[in-house]
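This briefing is intended to be read alongside the sequence and the coordinates.

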Amino acid sequence: MSDMKYVGTDVSRVDALEKVTGAAQYIEDRFIGPMLHVKMKKSTVAHGKIKSIDTSKALQYPGVKAVLTGKEYSNKIGLYLIDRNFLAVDKVRFWGEPVAIVAAVTEEAAAEAAELIEVEYEELPGVFDPREAMKPDAPLIHEDLGSYKVVPIFYPKPGTNIANHFKLRKGDVKKGFAEADLIVERDFKVPQMQHVSIETHKAAAHWSPDGKLTVWSTAQSPNVVRQLLSESLAIPMHKIRVISSYIGGGFGGKAGASLEGLVVPLAQKFPGYVVRIVFNREEDMQGTFTRQALYSHLKTGVRKDGRITALEYEMIWDGGAYTEYGVNIVRSAGYSSSGAYEIPNVKTDSYCVYTNNSIGGPVRGFGMCEMQWGIERQMDEVAKELNMDPLEIRLINGMKDGSKTAAGQEVHNVGFDKCLKTVADKIGWGKKEGKFHGKGIAGLVKCPAQPSNASSSAIIRINEDGTAHVLVGAAEMGQGMLTAISQIAAETLHIPVEKIDIKLPDTDFTPYEWQSVGSRITYTCGTSVKRAAEDALGQIYCIAANLLGVPEEDLTFDGSKIYSTKDPNIKATIREVADSCKKCTGEGIAGPIIGRGSFVPSNMTNLDPETGQGNPGMFYCFGATGVEVEVDPETGVVTILQLASAIDAGKAINPRLANAQLRGGTVMGLSTALYEELRFDKGVILNRNFTDYKICSIDNTPHIDSFIIETPEEGGPFGARGIGEQPMIGVAPAVANAVCDALGIDVDTFPLTPERVWRAINEKK
Amino acid sequence: MKMVQKMKISFTVNGDKETREVTVGQTLLKFIRNELHLTGTKEGCEIGECGACMVLLDGKPVNSCLVLAVELDGKELVTIEGLSKNGELDRVQKAFVEHSAFQCGFCTPGMIISAKALLDRNPNPTDEDINEALSGNLCRCGAYQEIREAVKASVKK
């Protein structure tokens, strides 16, 4: 494949000029027309019965058009478990839950009127720790759990706060522990975090008199928004149009559906208006998905030679007040629970538990950062007990071609060893550099977490002059989808990227895409586009063969003309073929060329409900992170001296953009390793702005050495697999392992703030 | 509803002279986006923490969410839309394109404005100068390394 012209090259981003000039339109820039502004009245208690809501003062406020409460609008929504109301009905389950919404002619009027709504609560005992919430006597958060609709691959326990219990049983752990020379048991904790995309969540809705609903949204998944609104509001799909634009950062926070449901009922009341809601930073911090906290317990059995024989992994996840999406994170972490390592005997119990904290949901990594924090920290502790090199124990147990995951799925095309060795070499593994210097390494793996039949599709229209329009429903949220997909289309069609136009999603015009999540788009949408391009190319050859009177197999296309390989003088221009081709006698041969392609994985299966065994992964992407730190023992401040990140991308469609993704994910991982943690006080998030919730800025982001490894993925387009989330996974454990190496201390949670490191140093003393 | 007071202001925006009535109390950010319809300037936090709304006011970078529109009176405003001249990109914009110094692009207008302001006052910035000048511009996609490279590359030109 070395003769490729577009795939594998650093094509300049197709969104570059729009984005550097301010011309790129994000969804709010496209809210045009007579507008109504929506503001929420939010719950001031974390758990309570709603005794009364008095909206009279708000309704009288000048400029207010309507007020809506859960009484009038009790519809539910959910991707996997339909447990979530748009507006609280009868009770509230987290602090800040929308209780009522106000539509007014200005945002100020809506906000001031919302303040005037009086809500009386009867406070109920709250539960904020999932370990407490699992106990039989814990206050119940969803009394009606048993009546909720649920996709049958999840296992809620009605009468408890357990929204999903995922079980995995591989091999025989009893036997595995009996074979072990050493058993290491430890607890770990991962805190909640937020995506904090710089663009907050936004949506608008318009209801036309003929019953057509148009929704503009920051959604990563316009088709899922359409599906969920259709199901929740009983509107047929052809009457719902969901438009998304450039997205100002997604990271999972804009997956599924969320605030769209708040504007639709108000739009229905006022046809002709564009009814909009724009979350401010504080609303974004507490009202959208957070990364679920994880409390975990690992028990690892290992032989003296470093071979791990058994693993018992218990994960208790803080699902928050609603777990419509979170149940699948818990499942995904469960079936991946041996991380990047092959362990013959595994017993895992992964619990998604309701609490009265903010709603848990997808965040870059989808459970893998949290689950592999335990795996990778434990690996270093096991190595320490065995007096073995942490790199060596990883190489011994790391997955290779033919290894089996915790779910028993065989993995192939695995370049994990190479990733580990690459980052280790880069940071000078094995060389001690100074007294308070330390080095740490972590492996990582992730497969897309998606239903086994989640699909993608693409349409390619060939214009009369041989240029092309690529239509897909994937979202451009910074990852470079538009550019990579254009390159795949260009390579397959043999036409330059400049001759391709690609559109942002609009469900009325772009074909179906499940979701732009799970690092799946390059693979799934990319395959659909490749197939659509092959279909279009096939039509080009077929028409040309007819026109030229030669067999199709003799023809080749160089981007501007189709000619016979046997006699290059037998040729036609692409214009002749694509522009309603006709014979020299005038009789038509073929109309416009439209290529179609779709993709659904055929290698995924359901999992056994008792053992969790099966094939949950479409492809597995491995990688590794290496870090060198210096720690100030007086202050606990961690300084990153070296940071190396490697990912086995299979094939980088655009190496420059792949490296940018790799570094960007590493920065996000570093940000969580050192700074990020949502601080809750009885369900109230205390740090709701960028001053109190610190993320990496340019002045504390070190140089990152990124490495793209290429072990081709058989099923992927041109051998590619997705890499968007993976780089984040290894950073926190690698940093922690380096800090522990520097000081001989031990940490079980992060972020590694100066205070936390200082305390760990002093505990050791 | 509160009484809405209006005030007439005159100013220059991206080279053009303008006179407008503005609502007292309206931020410059809202005025730029909703009245001037220059939507390249972005809103990320409204309290001066993220830098997405950075514009040049009399050549100095300011978070337009922290400035009132009335303060624009008699001043010169440059937004991201005003950086390219006659279809020719500014050297900072060119370098951002060449280095793919953005991902989602939402922080990019503010980031470019801050970089432009830095280069205007310090034609030869060190890495530390760049880090300091851009530390108020958050990029959640983590394109900082590419951004540093782009700013350095614009120096050479």
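The model is predicted. Chain A contains 18 helices and 32 strands, and its radius of gyration is 27 Å, close to the 27 Å that the globule rule gives for 765 residues, so chain A is as compact as a globular protein of that length. Contact between the chains involves 47 residues of chain A and 42 residues of chain B.

**Overall form of chain A**

- The C-alpha trace of chain A extends over about 90 × 75 × 50 Å along its principal axes.
- Of the 765 residues in chain A, 61% are buried.
- Among contacts in chain A with a separation of 6 or more, 79% are between residues 24 or more positions apart.

**Nonpolar core**

- In soluble globular proteins, nonpolar side chains tend to be buried together.
- Here the largest nonpolar core comprises 302 residues, and A:Val102, A:Val735 and A:Val739 have the most contacts inside it.
- Helix H14(A) makes the greatest contribution to this core, with 12 residues.
- Beyond its neighbours within four places in sequence, A:Val735 is in contact with A:Gly440, A:Val627, A:Val629, A:Leu670, A:Ala673 and A:Leu752.

- Four strands of chain A form an open sheet in the order E21-E20-E19-E27, and their pairing is mixed.
- Strand E21 (500-502) and strand E27 (593-599) of chain A are at the edges; each has a single partner strand, so one side of each is left without a neighbour in the sheet.
- From one strand to the next, the twist averages 20 degrees.
- Within this sheet, five bridges pair strand E19 (residues 456-462) of chain A with strand E20 (residues 468-472) of chain A in the antiparallel sense.
- A:Ala458 has A:Val472 in E20(A) as its bridge partner.
- Helix H14 (residues 521-548) of chain A lies across E19, E20 and E27 of chain A and runs at about 145 degrees to E27(A).

**Helix H12(A)**

- Helix H12 (residues 416-426) of chain A has as its buried residues A:Phe416, A:Cys419, A:Leu420, A:Thr422, A:Val423 and A:Ala424.
- These buried residues pack against one helix, H11 (390-397), and against strands E18 (437-446), E28 (621-631), E29 (638-648) and E32 (705-709), in chain A.

**A:Arg226**

- A:Arg226 belongs to helix H6 (residues 222-233) of chain A.
- Is this residue, A:Arg226, buried or exposed? A:Arg226 is buried, because 27 other C-beta atoms lie within 10 Å, where 20 or more are required.
- Not counting residues up to four places away in sequence, A:Arg226 touches A:Met237, A:Ile240, A:Val242 and A:Thr507.
- A:Arg226 and A:Pro236 are separated by 10 residues in sequence and by 9.4 Å in space, C-alpha to C-alpha.

**Hairpins of chain B**

- Strands of a sheet pair through backbone hydrogen bonds, either parallel or antiparallel.
- In chain B, strand E1 (residues 6-13) and strand E2 (residues 16-23) run antiparallel and are joined by eight bridges.
- Opposite B:Lys8 stands B:Glu21 in E2(B).
- Two residues lie between E1(B) and E2(B) in this hairpin, and B:Asn14 in the turn has a positive phi of about 45 degrees.
- Strand E3 (residues 54-57) of chain B is likewise antiparallel to E4(B), with four bridges joining them.
- B:Met54 has B:Asn63 in E4(B) as its bridge partner.
- The hairpin of E3(B) and E4(B) also has two residues between its strands, and B:Asp58 in the turn has a positive phi of about 50 degrees.
- Strand E4 (residues 60-63) of chain B presents B:Pro61 and B:Asn63 on a covered face, whereas B:Lys60 and B:Val62 are on the uncovered one.

**Contact between chains A and B**

- The contact involves 47 residues of chain A and 42 residues of chain B.
- Helix H1 (16-21) and helix H16 (655-674) of chain A each provide at least two residues of the side of chain A that touches chain B.
- H16(A) gives the most to that side, with seven residues.
- The residues on the side of chain A that touches chain B comprise 22 nonpolar, 16 polar and nine charged.

Key:
Residues are numbered from 1 along each chain as its sequence is written. Chains are lettered from A and ligands numbered from 1 in the order in which they are written. This is a predicted model: local features need pLDDT of at least 70, side-chain atom pairs count only at pLDDT 80 or more; totals for chains, interfaces and linings use all residues. Two strands pair if DSSP finds at least two bridges between them. Axes are lines fitted to C-alpha atoms, for helices over the stretch in contact, and angles run from 0 to 180 degrees between N-to-C directions. Two residues are in contact if their C-beta atoms, placed from the backbone, lie within 7 Å. Ala, Val, Leu, Ile, Met, Phe, Trp, Tyr, Cys and Pro count as nonpolar, Asp, Glu, Lys and Arg as charged, and the others, Gly among them, as polar. A nonpolar core is a set of buried Ala, Val, Leu, Ile, Met, Phe, Trp, Tyr and Cys residues joined through C-beta atoms within 7 Å. A residue is buried if 20 or more other C-beta atoms lie within 10 Å of its own, exposed if 12 or fewer, and partly exposed in between; C-beta atoms are placed from the backbone. The radius of gyration is taken over C-alpha atoms; the globule rule is 2.2 Å times the number of residues to the power 0.38.
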